[in-house]
Amino acid sequence: MASENIITLSDADFKEKISGSEVPVLVDFWAEWCGPCKMIAPELEKLAGELTGKVQVAKINVDDNRGTPGEYQVMSIPTMVLFKDGREVERIIGFRKADELKKMIEKHL
């Protein structure tokens, strides 16, 4: 489901990729069975293309990786969490258009 502009994270590499990033990381917590998650995928693709080099878009499947969503108290999906310097700075729950996500991200660039 990931593309050239979107990376896939797992419980094993989550902290390393988030804290090691030189740009903010927008993480999409999602699952295969989630309708709104499927709806937001093209919005994230668009965003990842528009903000290449400014932000890293990443996805983590909550069914395959149960530790990380629990640690960050992700209770419903899709949840998009923006990390900067390895720390959570903002969170959006539910479907959003790319423009709305972009506005949220730009506050932290």
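**View 1. Surroundings of Phe83 in the predicted model.** Phe83 is buried, with a relative accessible area of 1%.

**View 2. The largest nonpolar core.** This core has 17 residues, and those that touch the most other members are Leu9, Phe14, Ile18, Val27, Phe29, Ile60 and Phe83. Two or more residues each come from α1 (14-19), β2 (25-30), β3 (56-61) and β4. The largest contribution, 4 residues, is that of β2. A second, separate core of 15 residues includes Ile40, Ala48, Leu51 and Met80. In soluble globular proteins, nonpolar side chains tend to be buried together.

View 3. The structure contains 4 aromatic pairs. One of them is the tilted pair of Phe14 and Phe29, with 6.2 Å from centre to centre and 45 degrees between the planes. Phe14 belongs to helix α1 and Phe29 to strand β2, so this pair ties together parts that are 15 residues apart in sequence. Both residues are buried: the relative accessible area is 1% for Phe14 and 0% for Phe29. Tyr72 and Phe83 form an edge-to-face pair, 5.3 Å centre to centre with 85 degrees between the planes. Here Tyr72 is in the loop between α3 (67-71) and β4, while Phe83 is in strand β4, 11 residues apart. Ring pairs link Phe14, Phe29, Tyr72 and Phe83 into a cluster.

View 4. Of the 6 residues of β4, 5 are buried, so the strand is largely enclosed by the rest of the structure. β2 and β4 run antiparallel and are joined by 5 bridges. Leu82 in β4 is the bridge partner of Leu26. β4 and β5 also run antiparallel, joined by 6 bridges. Thr79 stands opposite Ile93 in β5.

**View 5. The turn between β4 and β5.** The hairpin of these strands has 2 residues between them, and Asp85 takes a positive phi near 55 degrees. Gly86 lies in the loop between β4 (79-84) and β5 (87-93). Gly86 is partly exposed, with a relative accessible area of 25%. Not counting residues up to four places away in sequence, Gly86 touches Ile18 and Ser19. Between the C-alpha atoms of Gly86 and Glu45 there are 22 Å in space, and the two are 41 residues apart in sequence.

**View 6. The buried face of helix α4.** Within α4 (residues 98-106), the residues Ala98, Leu101, Met104 and Ile105 are buried. Down the helix axis, the buried residues fall within an arc of 125 degrees, so they line one face of α4. They pack against β2, α2 (35-50), β4 and β5.

**View 7. Lys59 and Trp30.** The charged end of Lys59 sits over the ring of Trp30, and its distance from the ring centre is 5.3 Å.

Notes: Residues numbered from 1 in each chain as written. Predicted model: local features only at pLDDT ≥ 70, side-chain atom pairs only at ≥ 80, totals over all residues. Heavy atoms only, no water. Buried < 20%, exposed > 50% of the residue type's maximum accessible area, 1.4 Å probe, protein only. Contact = heavy atoms within 4.5 Å. Core = buried A, V, L, I, M, F, W, Y, C linked by side-chain atoms within 4.5 Å. Phe/Tyr/Trp six-rings, centres within 6.5 Å; stacked < 30°, edge-to-face > 60°. Lys NZ or Arg CZ within 6 Å of the ring centre and 35° of its normal. Arc of directions from axis to C-beta. Pairing = 2+ DSSP bridges.
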